[in-house]
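Okay, thanks for coming, everyone. I'll just put the model up and we'll walk through it together.

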Amino acid sequence: MSENNEKTVLEKATIKEDKAVKTVKTAKTDKKKIEKKNRKRPIKEMISELKKVSWPTKADLRTYALCVIVFVVVCSAFIALIDLGVAEVIELISAPDKLPGWLNDLFGYGG
């Protein structure tokens, strides 16, 4: 390559790089302007977002509420059973003389 050709290629590359940097700066500036503009109208923005929401019907709402209540009751019962079981195991560990006969024989407790 000749020296003039190399300079031309370098100049073109520099120009492209400068344009890319300017484009990025412009995009950042535009984004900041849009964000500033949106900050000034938060209530209008909220209203527009709420208009996009698909609200459930009364029948759907009843179904969802019933599902939640059933789920909570089932989970509560499950946790209560686990709690009772753990409490019984702790009671047996803390007082080995109350163990059933076959467990006394198994663990060697008692006389």
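Before I go on, some housekeeping. This is a predicted model, where local features need pLDDT of at least 70, side-chain atom pairs count only at pLDDT 80 or more, and totals for chains, interfaces and linings use all residues. Residues are numbered from 1 along each chain as its sequence is written, and side-chain values use heavy atoms, with hydrogens and water left out.

On confidence: pLDDT is the predictor's confidence in each residue, from 0 to 100. The chain's mean is 78, with 56% of residues reaching 70 or more. Helix 1, residues 3-40, is where confidence is lowest, with a mean of 66, while helix 3 has the highest, at 94.

The fold reads α-α-α-α along the sequence, so to speak: four helices and zero strands, taken as DSSP runs numbered from the N terminus (helices are H or I, at least four residues; strands are E, at least two). Of the 111 residues, 4% are buried, meaning under 20% relative accessible area, with exposed over 50% and partly exposed in between.

Now the surface. F78, I79, I82, V86 and I90 make a nonpolar patch of about 500 Å². Patch residues have over 30% relative accessible area and no salt bridge; nonpolar side chains (Val, Leu, Ile, Met, Phe, Trp, Tyr) are joined within 5 Å, like charges within 9 Å. V86 sits in helix 3, residues 58-94, and is partly exposed at 43%.

Last, the one salt bridge (a Lys or Arg side-chain nitrogen within 4 Å of an Asp or Glu carboxyl oxygen). E49 and K52 form it, 3.3 Å from N to O. They're three residues apart in helix 2, residues 42-52, so about one helical turn separates them. E49 is partly exposed at 42%, whereas K52 is exposed at 62%.

Definitions and conventions
Areas by Shrake-Rupley, 256 points an atom, 1.4 Å probe, with all protein chains shown as cover. Buried < 20%, exposed > 50% of the residue type's maximum accessible area, 1.4 Å probe, protein only.
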